[in-house]
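Below is a predicted model. The questions that follow ask what lies behind each label.

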Amino acid sequence: MKNFRYIDGAAILKFNQEACIGCGMCATVCPHRVFTLRHKKAEIVDANGCMECGACARNCPAAAIYVNPDNGCGCAAYIINSWIARVRKGAPGQCCGG
Ligand code: SF4
Ligand code: SF4
C-alpha cells in the first residue's frame, strides 16, 4: 500500500490525543499505517499517508479522531484512478470531487 497515497497535505485528519484511551483500533484498521500506539496512546506517524477512508474515526470508541465533515470522503477513488493511470501511462487520477 506504500505507493497508494493521496495528495500530500490534503487529508483532513484531526486527532485529540488527550481523549485517546489507547485501545489501538485506529492502528489496526488503518490501511496505510497512519497511526501507531506508543505508551498506551495513539500517535500519528504518517499524516500524508491518510486517504480519508474514515475507518479510524468510525472505529474509535473515544471519538478522538476526526477525518472530515463527511467522515471520510472516499478519496480512495483518487488513489485508485492514479494507480490505473500510472499502469496505463495516462493522465493522473481524479478525486471523487472532480
Ligand atoms: S482515515 Fe483511513 S487512511 Fe486516514 S488515518 Fe484513518 S484509517 Fe487511516
Ligand atoms: S481508536 Fe481512538 S481510543 Fe483507540 S487508540 Fe485510536 S485514537 Fe485512541
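A residue is near a molecule or strand if its C-beta atom, placed from the backbone, lies within 6 Å of it. Residues are numbered from 1 along each chain as its sequence is written, with chains lettered from A and ligands numbered from 1 in the order in which they are written. In this predicted model, local features need pLDDT of at least 70 and side-chain atom pairs count only at pLDDT 80 or more, while totals for chains, interfaces and linings use all residues.

Q: Which residues come nearest to ligand 2?
A: Cys 20, Cys 23, Met 25, Cys 26 and Cys 60 do, out of 13 residues around ligand 2.

Q: What makes up the shell around ligand 2?
A: Ala, Val, Leu, Ile, Met, Phe, Trp, Tyr, Cys and Pro count as nonpolar, Asp, Glu, Lys and Arg as charged, and the others, Gly among them, as polar. The shell around ligand 2 divides into 11 nonpolar, 2 polar and no charged residues.

Q: Which residues come nearest to ligand 1, and how does its shell divide?
A: Of 15 residues around ligand 1, Cys 30, Val 34, Cys 50, Cys 53 and Cys 56 come nearest. The shell of ligand 1 has 11 nonpolar, 3 polar and 1 charged.

Q: Why is Ala 27 called partly exposed?
A: A residue is buried if 20 or more other C-beta atoms (placed from the backbone) lie within 10 Å of its own, exposed if 12 or fewer, and partly exposed in between. Ala 27 has 17 within 10 Å, so Ala 27 is partly exposed.

Q: What does Ala 27 touch?
A: Contact requires C-beta atoms, placed from the backbone, within 7 Å. Beyond residues up to four places away in sequence, Ala 27 touches Phe 35, Thr 36, Leu 37 and Ala 42. The C-alpha atoms of Ala 27 and Ala 42 are 7.7 Å apart.

Q: What makes a nonpolar core, and which residues have the most contacts inside the largest one?
A: A core is a set of buried Ala, Val, Leu, Ile, Met, Phe, Trp, Tyr and Cys residues joined through C-beta atoms within 7 Å. The largest has 18 residues, and Cys 26, Phe 35, Cys 56, Cys 60 and Ile 65 have the most contacts inside it. Helices α1 (25-29) and α2 (55-59) each supply at least two residues of this core. Helices here are DSSP runs (H or I, at least four residues), strands likewise (E, at least two), numbered from the N terminus.

Q: How do you know that β2 and β3 pair?
A: Pairing takes at least two DSSP bridges between two strands. Strands β2 (residues 35-38) and β3 (residues 41-44) have 4, in the antiparallel sense.

Terms used: Two residues are in contact if their C-beta atoms, placed from the backbone, lie within 7 Å.
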